[in-house]
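Colleague: Here is the chain we talked about. Walk me through it, starting wherever you like.

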Amino acid sequence: MRPAPVPGDTTPSSGVIHINFRHAAGFTVIGNHLAQHRGLSLAAIGLAAHIQSLPAGARIGIKRLAERFPESETRIAAALRELEAHGYLHRSRVRLADGRIITRTVSYNQPGTVAPITPTPRPQTRHSKPTAPLPTPPPPSPLPAPATPAPSPPVEAPQPPAPQRTTTPAPVPAPPPAYISVPPPTAPRTPPPPLPQPYAPTEELRRTAAALLADLRRHAPGLTLSEGDVAALTPGVATWLERDAHPDTIRHALTTDLPVPLKHPAKLLRRRITTLLPPPLPGTADLTPPRRRVVVIPLQNCDTCDRAFRAADPGNCRECRAEQAAPHRAA
């Protein structure tokens with residue numbers, strides 16, 4: 001079915017044809033400066049239109065938008081940054097009076113405009129506590145308006161002075177509570193452990209280690225290293241070889257259970273070379289079990305019968321000591 005021609009105009013031979021109907025309810029007015037913006041991506045324009053159609057107080061966090069739309073959190077975060085850069089959105093972290101930190105988001109349907117934000121009052125119950133008004137974030141700086149000549153005031157006929165009236169001055173509203181902008185917390189990065197270095201580096205160790213690293217791509221195509229990466233990792237592999245590790249053992253430790261996809265092969269090899277480094281092989285003396293110490297008791301001659309017996313100190317033998325102790329027991 002072909003569309004009806006546009007009222008009041010001729011049907012174009014190519015391009016889009018608009019069939020417009022006036023909305024009576026459930027619509028949002030969006031300016032062409034947003035819908036036809038040259039600097040915004042299509043995702044940012046669509047996200048701005050969705051945000052402007054939401055009621056005041058709606059949650060527009062990245063995770064909530066990712067649950068609502070098929071785009072990823074990374075794409076939605078990039079679109080929000082685009083809208084902030086062009087003045088359609090302003091986000092700030094605000095600390096409330098009770099100590100909680102929230103993210104305040106202000107949407108502008110016309111960048112450069114300044115409009116007061118009036119919080120919607122909540123009904124107070126018997127047991128509810130009054131809440132302090134939320135602070136309003138600073139709006140973006142308005143765009144400079146073109147200079148226009150001021151019109152000359154019209155000349156009016158003089159009028160009789162009006163009678164003076166005494167008016168009561170309006171109460172000055174209290175300034176909103178100040179808020180503290182808190183930057184998002186960032187955890188300090190832990191520096192990686194240093195690459196092991198051989199105790200006695202030799203040219204043979206360096207050449208074997210470099211050849212082993214360059215040969216890894218034959219066993220795992222993802223471990224294709226540049227010449228700079230091979231030169232940087234050579235001391236670590238030379239340390240393995242210095243500790244009598246077989247090349248097949250090193251190759252198996254570096255190429256087993258690789259992640260998919262492998263984005264940074266040099267960083268992965270550096271971590272494995274450092275964390276999986278085996279200890280030095282023990283020597284023969286370290287593997288020999290300790291000998292039992294044999295205590296030899298020397299021979300002594302009995303002072304009474306001159307018979308030999310083993311004792312630590314000289315004296316009488318067992319039989320002579322028994323004969324000498326017998327009279328005392330009989331008495």
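**Loops, cores and helix packing**

Modeller: Asp-306 lies in the loop between strand 3 (299–301) and strand 4 (308–310). Strands (E, at least two residues) and helices (H or I, at least four) are DSSP runs, numbered from the N terminus. This is a predicted model, in which local features need pLDDT of at least 70 and side-chain atom pairs count only at pLDDT 80 or more, while totals for chains, interfaces and linings use all residues. Residues are numbered from 1 along each chain as its sequence is written, and side-chain values use heavy atoms, with hydrogens and water left out.

Colleague: What is the phi of Asp-306?

Modeller: Near 60°, which is positive in a residue other than glycine. Most residues other than glycine have a negative phi, and most peptide bonds are trans.

Colleague: Is Asp-306 buried or exposed?

Modeller: Exposed, at 57% relative accessibility. Buried means under 20% relative accessible area, exposed over 50% and partly exposed in between, with a 1.4 Å probe and protein chains only.

Colleague: Which other residue has a positive phi although it is not a glycine?

Modeller: Asp-257, at about 55°. Asp-257 sits in the loop between helix 8 and helix 9, and is exposed too, with a relative accessible area of 68%.

Colleague: What about the peptide bond from Val-260 to Pro-261?

Modeller: That bond is cis, with omega near 0°. Pro-261 is also in the loop between helix 8 and helix 9.

Colleague: Step back a bit. How many helices and strands are in the chain?

Modeller: The chain has 11 helices and four strands. Of its 331 residues, 23% are buried.

Colleague: Which residues touch the most other members of the largest nonpolar core?

Modeller: That core has 22 residues, and the ones touching the most other members are Leu-213, Leu-216, Leu-233, Val-237, Ile-250, Leu-269 and Ile-273. A nonpolar core here is a set of buried Ala, Val, Leu, Ile, Met, Phe, Trp, Tyr and Cys residues joined through side-chain atoms within 4.5 Å. At least two residues of this core come from each of helix 5 (203–214), helix 7 (227–242), helix 8 (247–255) and helix 9 (265–275). Helix 7 gives the largest share, six residues.

Colleague: What is Val-237 in contact with, leaving aside its neighbours within four places in sequence?

Modeller: Ala-209, Leu-212, Leu-213, Ile-250 and Ile-273. Contact means heavy atoms within 4.5 Å. There is also a second, separate core of 15 residues, with Ala-44, Leu-47, Leu-65 and Leu-89 among them.

Colleague: Back to the helices. At what angle do helix 7 and helix 9 cross?

Modeller: Roughly 20°, with axes that come within 10 Å. Axes are lines fitted to C-alpha atoms, for helices over the stretch in contact, and angles run from 0 to 180 degrees between N-to-C directions. Helix 7 and helix 9 are therefore roughly parallel to each other. Angles under 35 degrees count as roughly parallel, over 145 as roughly antiparallel, 65 to 115 as roughly perpendicular and the rest as oblique.

Colleague: Which residues meet there?

Modeller: From helix 7, Asp-229, Leu-233, Gly-236, Val-237 and Trp-240; from helix 9, Ala-266, Leu-269, Arg-270, Arg-272 and Ile-273.

Colleague: And how do helix 8 and helix 9 pack?

Modeller: At an angle of about 125°, with axes 9 Å apart. That makes helix 8 oblique to helix 9. Ala-253, Leu-254 and Thr-255 in helix 8 meet Leu-269, Arg-272 and Ile-273 in helix 9.

Colleague: Which residues of helix 9 are buried?

Modeller: Pro-265, Leu-268, Leu-269, Arg-272, Ile-273 and Thr-274. The buried residues of helix 9 pack against helix 6 (216–219), helix 7 and helix 8.

Colleague: Last topic, the strands. In which sense do strand 1 and strand 2 pair?

Modeller: Antiparallel, over seven bridges, with strand 1 at residues 89–95 and strand 2 at residues 101–107. Two strands pair if DSSP finds at least two bridges between them. Arg-95 is opposite Ile-101 in strand 2.

Colleague: How many residues are between the strands in that hairpin?

Modeller: Five, and Gly-99 in this hairpin takes a positive phi near 95°.
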